Amino acid sequence: MPAGSPLLIGLSAVMVAIQEGEPHVLVTRRPSGEEALPFGPFDPDNHRTFDLSLRGWVREQTGFELGYVEQLYTFGDKDRETPEASVVDAPPNAHVISVGYLALTPEEKPVAANFEARWRSWYQYFPWEDHRSGRPALIDAEIAPRLKTWAAGNEQRAERARIAFGLDNARWIEERVLERYELLYEAGLVAECARDAGLPEAGIRLGAAMTSDHRRILATGLSRLRSKIKYRPVVFELMPDRFTLSELQRAVEAILGLPLHTQNFRRALEKTQLVTGTGQMETSTGGRPAELFTYRRHPSGGFAAPGLATPRKTAD
């Protein structure tokens with residue numbers, strides 16, 4: 001960073017909700033027309049902590065009050081290959097450090113008409129990540145050939161592509177969301193790369209683009225959540241007070257982008273003692289009545305409670 005360049009801190013929120021079995025994120029729209037995460041600079045004069053400043057910005061941009069929040073990562077790598085954050089009206093020589101947060105809500109609350117914000121499926125930004133109905137054709141038809149061309153003659157690139165996208169019969173690892181996005185960026189296959197380099201876009205559009213490095217921050221949030229539900233019971237922050245086991249399984253599948261083995265999932269869930277039956281039945285689905293369950297919170301507040309086992313329906 002050149003001497004004398006001002007240092008600014010920006011705050012971004014990856015706000016997640018599950019609606020009818022689909023994972024949604026809250027996005028805003030910039031005057032340029034680009035979609036963005038709720039984002040704004042840290043204001044130390046009015047907020048004494050990052051958390052309070054983030055909640056204030058989200059409230060101002062979306063009218064939404066944040067509940068569960070955890071810090072993701074600080075994005076401020078100097079001269080990194082991936083795109084850097086920017087703050088509106090910042091000095092042209094400013095260096096921006098962006099602090100990303102993950103926020104979970106059990107209800108996709110409607111956004112008031114006077115706010116430029118809306119809920120969107122996160123698979124609109126990462127269509128290659130949804131394997132619930134099988135491996136997306138996009139991977140082998142469009143992504144793999146282009147990555148192999150990019151990696152030709154470079155064994156390290158080829159191996160990274162193989163591991164990230166499960167090529168040549170490699171196992172698909174659902175937590176590698178960020179790694180896959182950054183690989184596509186490096187290979188020039190996402191719109192943000194062409195935009196940042198001032199080059200024409202590639203001949204294929206892989207998911208909806210976002211402003212600055214917001215799709216990278218969103219990918220970081222997805223990676224964190226996919227990993228964390230396996231060792232902490234954070235998925236219940238996305239569930240209503242009462243839910244059926246099928247609804248819980250669909251929520252986990254929506255997050256992971258993978259189908260789960262129902263019997264094994266329920267057997268493992270029972271061993272955790274994380275849920276308890278209410279004795280009430282859900283009858284509005286039109287099918288067989290299903291018992292409603294509730295989350296049994298751990299006395300520690302959840303920090304010592306286990307996550308959920310995620311047995312796949314198929315081997316890969």
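This is a predicted model: local features need pLDDT of at least 70, side-chain atom pairs count only at pLDDT 80 or more; totals for chains, interfaces and linings use all residues.
A residue counts as buried when its relative accessible area is under 20%, and as exposed when that area is over 50%.

The largest nonpolar core of the model comprises 68 residues. Within this core, the residues with the most contacts are Leu-147, Phe-165, Leu-225, Phe-236 and Leu-248. Helix α7, spanning residues 245-256, supplies the largest share of the core, namely seven residues.

Phe-236 shows how one member of the largest core meets its surroundings. When neighbours within four places in sequence are left aside, Phe-236 is in contact with Phe-243, Leu-248, Leu-274, Val-275, Tyr-295 and Leu-308. One of these partners, Leu-248, is itself listed with Phe-236 among the residues with the most contacts inside the core.

Attention may now turn to two loop residues. Asn-169 lies in the loop between α3 (155-165) and α4 (177-186). Although Asn-169 is not a glycine, its phi is positive, at about 70°. Is Asn-169 buried or exposed? Its relative accessible area is 80%, and therefore Asn-169 is exposed.

Ser-212 is placed in the loop between α5 (191-197) and α6 (214-228). Its phi is also positive, near 45°, and Ser-212 is likewise a residue other than glycine. Which term, buried or exposed, applies to Ser-212? Because its relative accessibility is 9%, Ser-212 counts as buried, the limit for that term being under 20%.

Conventions. Residues are numbered from 1 along each chain as its sequence is written. Side-chain values use heavy atoms; hydrogens and water are left out. A nonpolar core is a set of buried Ala, Val, Leu, Ile, Met, Phe, Trp, Tyr and Cys residues joined through side-chain atoms within 4.5 Å. Buried means under 20% relative accessible area, exposed over 50%, partly exposed in between (1.4 Å probe, protein chains only). Helices (H or I, at least four residues) and strands (E, at least two) are DSSP runs, numbered from the N terminus. Contact means heavy atoms within 4.5 Å.
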